[in-house]
Each structure stands twice: as structure tokens, then as C-alpha cells.
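Colleague: I am new to this one. Could you take me through its aromatic rings?

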Amino acid sequence: MLPPFELDVHTHTIVSGHAYGTIREMAQSASEKGLKLLGFAEHGPGIPGTCDPIYFAALEHAPRLLYGVELLYGCEINVLEGGLLSLPERYLDMIDYGVVGIHQNCYKNQGIRQNTENLISCIQDPRVFFVSHPDDDHTPLDYQRLVPAAKEYHVALEVNASSFLKPDRRLNCVENYKTMLSLCQAHRVPILVNSDAHDPLEVAATSQARALLEELNFDPDLILSLSAPRFKEFIGL
């Protein structure tokens, strides 16, 4: 059995436009569930209804500790066609960590080779530290290429707990995770388990992802979610 996870760093508040909790409500839920660290990865430009990038320029005013839980602020930046990031360059230094992910709202499937190339292009930015939900065959990825690239560019790969609840939206996610995780073990690439919570009740709701890791006997040394200090070190804090 794996020890408890200490952090959940892919969550969304009402700032993202389609989520239903405030910073304080999400932090209170994290505290009640025993987390030490909570991270908000609000959606970057390209997702309908999300915040203006000026939000990230004002993070100096955001609380850093609530209900005994340390808070970090990132951005889930969209991968665009051509391998571009959707968040303007000047905002990248204003966030604690960058996350990149493919979203069909603002990305058209270009086939497994080009999808992978576009994603690898985005993870080369040193302010990007993990890939969100790399699991969906609507925009398939070549894990044989992605995993070694993640190691080269100091990027973790996410096991997204919400994907297990969306079998139609995240096509073949379980089988894709099995392939990805096997390669992560072989190449010693770290992973993160996150809830992708859009409501306070969903914070730290990662039971199915945890069960898959236990089923696969995945090496705990590669799971950044088990240690808040180790995650902070990984992103340079």
C-alpha cells in the first residue's frame, strides 16, 4: 500500500470559469483531507471562460497559507498547434509552476506523431514542470518518445484522477496510463497524481489512480505526490 499523498497541485477554482469553488473553499477541503500542499493550475488562454492573464500578474496578493495548507499558484497552459504555449511569455515568470496539456477546446488532433512533437516542444520551456492528463486517444501520444523527452527536460507526467471518471472524454486512458507508467519506471521519470478538482469535494479524490499504481507495483520513489518538500524541490522552490 502506498503512503498518503501530501499534495494535489492540479485543481481549479471559479477563476477558470467552469469550476465551482473559491481558493478558501478548496483550501479548507484540502485541510480536512490532510493535505500539506495545494496547487491551483487555472486554465490559460484558449479555454472558454477562463481568466485574463492579468490574474497571474497579481498573484503577489494571493494567500500562501490557509487552514494549515501551503498554497501554490500555477497555470494549466494549452498546447497549441505548432507546439506553442497559450500563455504569453511575460506571464510565465509570474507563476510558481507551469503545466501543459492538450485540450480539444483549442487543439485539433494532428495525429500521434505531430501531437507528440507539439507537446515535446512545449515541455522544453524551463518553467513547465509537468504534463496534464497525457492519456486521451482523441489526441494520441507516442509514449516511447514522450517519456524520454520528459526525463531530458525535467518534466513529470501526470496520472489524472478525473480521467478515470470520464471514459468517453478521455479515451483509453487506463491502457494508456499502463503503457506510460511502464516506460516511466524503465526511464526513471517522475509522476504526479492529481485530482484535477473543479469543486472542493473533489480535492484529493485520487483513489482510482492510486489503485492503478498499486496494481502495477509502481515505484514510490518516482511519485512526487508522496512528498510536498520533494515536489517543491522539483519545481525549484
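Modeller: What follows is a short talk about ring pairs. Keep in mind that the model is predicted.

Colleague: How many aromatic pairs are there by the rule?

Modeller: The count comes to six aromatic pairs.

Colleague: Why is the pair of phenylalanine 40 and tyrosine 73 called tilted?

Modeller: The ring centres of phenylalanine 40 and tyrosine 73 are 5.5 Å apart, with the planes at 35°. The limit for a pair is within 6.5 Å. Stacked needs under 30 degrees and edge-to-face over 60, and the rest count as tilted. So this pair is tilted.

Colleague: What makes that pair tie together parts apart in sequence?

Modeller: Phenylalanine 40 is in strand 2 (residues 37-43), and tyrosine 73 is in strand 4 (residues 69-80). The pair therefore ties together parts that are 33 residues apart in sequence.

Colleague: Why does phenylalanine 40 count as buried?

Modeller: Buried means under 20% relative accessible area. Phenylalanine 40 has 0% relative accessibility, so it counts as buried. Tyrosine 73 is buried too, because its relative accessible area is 2%.

Colleague: Why are tyrosine 97 and phenylalanine 130 called stacked?

Modeller: Their ring centres are 6.0 Å apart and their planes are at 25°. Stacked asks for under 30 degrees. So the pair is stacked. Tyrosine 97 and phenylalanine 130 are both buried. Together with Phe231, Tyr97 and Phe130 form one aromatic cluster.

Colleague: Which residue lies over the face of phenylalanine 5?

Modeller: Arginine 210 does, at 4.1 Å from the ring centre. The distance limit is within 6 Å.

Technical notes. Residues numbered from 1 in each chain as written. Predicted model: local features only at pLDDT ≥ 70, side-chain atom pairs only at ≥ 80, totals over all residues. Heavy atoms only, no water. Helix = DSSP H or I, 4+ residues; strand = E, 2+ residues; numbered from the N terminus. Buried < 20%, exposed > 50% of the residue type's maximum accessible area, 1.4 Å probe, protein only. Lys NZ or Arg CZ within 6 Å of the ring centre and 35° of its normal.
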